Amino acid sequence: MAVTRKKVSCAIFDAPSEMPDNQLPTYADVMKLYNLTKQRLKYELNNKDPPHHNVAEIVITKVEQIWDKASIPHVSHRRVQEMLNKHHKTFMNLLKPYKFRKDSGPYQEKISQFKDESKKLFDICSCKCSFISQCQCEKSRKIPAIERDFQEDQRGPRGMIIAKLQKRYIRKELTQRQKCHKSDIDGISEKQIFVRRFLLRKRKLMLAMTNLITIVGRILINNLES
């Protein structure tokens, strides 16, 4: 029997859904994917609830993939687990009395506050500096200069999206973090590593050309003014 949208809809996050892959996910995006993944695994297990850990692992992997696509360094896999577990626990505690308290004013206010909090970025960035331009983090945790505007936007108005250039860009930090985060490179073939290195060199060349054009332009402007 088909599962209807109404049956799987959540009282707090509405219908479950995939996470957008052109923006960094919010807490709400993460929870909607969690609910969707749980329903899929439940169907595969003949309507038996899957363990939280199994669902969380799938969701966390997807979250990390999007952050890697955006070329922004993030915290360890374990730390991401802790963040998801904490928000999920709050979600479940709030959802348990829903049937009996859904008409209560104070309870509805708590739900509203939780929804507002869930609109914020699920921020797993390794850099926690208040002002990115004044970041004092070690090199492996720094946000690349070209991605700083995007990161600040995702923490605020969220009007920007991950560009094609970002999708092709593979951070140098991925290599530097191999010893600390071996799981980040598990399963990558030699061919994939070669392709990533090629794209990184291409990226460097494009940046160098851009800088050269800027310098030449400034020289021409100075000559005209003089």
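Among contacts in the protein chain between residues at least 6 apart in sequence, 64% join residues at least 24 apart. These values refer to a predicted model. The chain contains ten helices and zero strands, and its elements accordingly read α-α-α-α-α-α-α-α-α-α along the sequence. Of the 226 residues in the protein chain, 35% are buried.

Two helix pairs were examined in detail. In the pair formed by α2 and α3, the axes come within 9 Å and cross at roughly 130°. The two helices are therefore oblique to each other, and their crossing is right-handed. On the α2 side, the contact involves V30, L33, Y34, T37, K38 and L41; on the α3 side, it involves H52, N54, V55, A56, I58, V59, K62 and V63. By class, the residues of this contact divide into nine nonpolar, three polar and two charged.

The second pair consists of helix α4 (residues 77-95) and helix α6 (residues 105-118), whose axes lie 11 Å apart and pack at an angle of about 155°. Because an angle over 145 degrees counts as roughly antiparallel, this description applies to α4 and α6. The crossing of α4 with α6 is left-handed. Helix α4 contributes H87, T90, F91, L94 and L95 to the contact, and helix α6 contributes Y107, K110, I111, F114 and S118. Six nonpolar, three polar and one charged residues make up the contact of α4 with α6.

H87, one of the α4 residues in this contact, was considered individually. With a relative accessibility of 12%, H87 counts as buried. When neighbours within four places in sequence are left aside, the residues in contact with H87 are F13, Y27, M31, F114 and S118. Of these, F114 and S118 belong to the α6 side of the contact between α4 and α6.

Charged side chains were considered next. In general, side chains of opposite charge can pair when their charged atoms come close. The structure holds eight salt bridges. One of them joins the side chains of D21 and K69, with an N to O distance of 3.8 Å. D21 lies in the loop between α1 (5-8) and α2 (27-44), whereas K69 lies in helix α3 (residues 52-69), so the pair ties together parts that are 48 residues apart in sequence. D21 is partly exposed at 36% relative accessibility, and K69 is likewise partly exposed, with a relative accessible area of 23%.

A salt bridge also links the side chains of K42 and D49, with an N to O distance of 3.4 Å. K42 has a relative accessible area of 21% and is partly exposed; D49 is also partly exposed, with a value of 47%.

R79 is partly exposed, with a relative accessible area of 40%, and E82 is partly exposed at 40% relative accessibility. Elsewhere in the chain, a network of salt bridges links D123, K128 and R155.

Backbone geometry was examined in two loops. Most residues other than glycine have a negative phi. N46, in the loop between α2 and α3, has a positive phi near 55° although N46 is a residue other than glycine. A positive phi, of about 60°, is also found at S71, which is not a glycine and lies in the loop between α3 and α4.

Key:
Residues numbered from 1 in each chain as written. Predicted model: local features only at pLDDT ≥ 70, side-chain atom pairs only at ≥ 80, totals over all residues. Heavy atoms only, no water. Axes fitted to C-alpha atoms, helices over the stretch in contact; angles between N-to-C directions. Helix = DSSP H or I, 4+ residues; strand = E, 2+ residues; numbered from the N terminus. Parallel < 35°, antiparallel > 145°, perpendicular 65-115°, else oblique. Left-handed = near helix turned anticlockwise from the far one by under 90°. Contact = heavy atoms within 4.5 Å. Nonpolar A, V, L, I, M, F, W, Y, C, P; charged D, E, K, R; others polar. Salt bridge = Lys/Arg side-chain N within 4 Å of Asp/Glu carboxyl O. Buried < 20%, exposed > 50% of the residue type's maximum accessible area, 1.4 Å probe, protein only.
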